[in-house]
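Reader: I'm new to this one. Can you walk me through its side-chain contacts?

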Amino acid sequence: MNPLLELKQQGQQIWLDNLSRTLLREGGLQRLIREDGLCGVTSNPAIFHKAIDGSPYYRDELARLKASGLSAEERYEALVIADIREACDLLQPVYQQSKGEAGYVSLEVSPHLADDEEGSVRAAHRLRAAVARDNLLIKIPATAAGIGAIERLIGEGVRVNVTLMFSPAHYDAVAGAYISGARRWLEAGGDPQQLRSVASIFLSRVDTLVDNRLQQQGTEEALALRGQSALALARLVYERYRERFHGAEFAPLARSGVAPQFPLWASTGTKNPDYSEVHYVE
């Protein structure tokens, strides 16, 4: 069996951390959805920078936008929002068949807003309106300002992908923001089915940092621990997920029909060439 389809049968969703017009125009994304059971797509400004720089499918529109008098950020958004809409449409059948449990595409607010709570909230609403697709997640980083923005956005019924999480403390803050925001949404009379969120915990980047420190220690015991920190982090976060979303704290929200905020294992491509490419997935 296709191992990706086997994972899907076990209740896991596989998301692609990539999007470009090459994938869209040449049928790559469609094939991943059809043949490999792909359930979602994430993007970020770095991914789109690489796509726009390397794909021929942006050149004509980019040249036209450069002559339009728009700012660099406005040109960027004009390009990527079209891609996000198309990806949302391709995943719409997955979204409908799963009754909103899968089929999402993520679009990130500007990195310049990482420390701007109010600006992040405004940008999230603006991007959500511009894309105008139910299966869109707005990506917000788990900075101090981002945590406040996440709680407010969830409280306003905006679906959020929380990104740049590197520790159990990050996870606790983000889970708390989702729960508080969900309570606010229900108190305001919001539909519990509207709320959807994922918390993206980065794995390989943690090992990149910790492995370097273990290498500097150089002892046999230290070297044996390389490649293990991110997996330990994932296990700790999953324990916290079980405690917070399948325990007493979340129970009243669950009874009201609110879905848990699911962990999304991000940065699962290995950075160390000595490790298997599927080290974290396995």
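Author: We'll take ring pairs, then salt bridges. This is a predicted model, where local features need pLDDT of at least 70, side-chain atom pairs count only at pLDDT 80 or more, and totals for chains, interfaces and linings use all residues. Residues are numbered from 1 along each chain as its sequence is written, and side-chain values use heavy atoms, with hydrogens and water left out.

Reader: How many aromatic pairs are there in the whole structure?

Author: Eight, from a search of the whole structure. Rings of Phe, Tyr and Trp (its six-membered ring) pair if their centres lie within 6.5 Å; planes under 30 degrees apart count as stacked, over 60 as edge-to-face and the rest as tilted. Take phenylalanine 48 and tyrosine 76: their ring centres are 6.2 Å apart and their planes sit at 80 degrees, so this pair is edge-to-face.

Reader: Which helices does that pair link?

Author: Phenylalanine 48 is in helix H4 (residues 45–54) and tyrosine 76 in helix H6 (residues 72–97). Helices here are DSSP runs (H or I, at least four residues), numbered from the N terminus.

Reader: Phenylalanine 48: buried or exposed?

Author: Buried, at 0% relative accessibility. Tyrosine 76 is partly exposed, at 22%. The cut-offs: buried is under 20% relative accessible area, exposed over 50%, partly exposed in between (1.4 Å probe, protein chains only).

Reader: Which residues do ring pairs link into a cluster?

Author: Tyr178, Tyr238, Tyr241, Phe245, Phe250 and Phe262. Phenylalanine 245 and phenylalanine 250 are both buried.

Reader: Switching topic. How many salt bridges does the structure hold?

Author: It holds 15. Each is a side-chain nitrogen of Lys or Arg within 4 Å of a carboxyl oxygen of Asp or Glu. In one of them, arginine 126 meets glutamate 77, with the closest N and O atoms 2.6 Å apart.

Reader: Where do arginine 126 and glutamate 77 lie?

Author: Arginine 126 is in helix H7 (residues 117–131) and glutamate 77 in helix H6, so the bridge ties together parts 49 residues apart in sequence. Arginine 126 is partly exposed at 41% relative accessibility. Glutamate 77 is buried, at 13%.

Reader: Which residues are linked in a network of salt bridges?

Author: Asp172, Arg240, Glu243, Arg244 and Glu249. Within it, glutamate 249 bridges to arginine 244, the closest N and O atoms being 2.8 Å apart. Arginine 244 is buried at 12% relative accessibility, while glutamate 249 is partly exposed at 31%.

Key. Helices (H or I, at least four residues) and strands (E, at least two) are DSSP runs, numbered from the N terminus.
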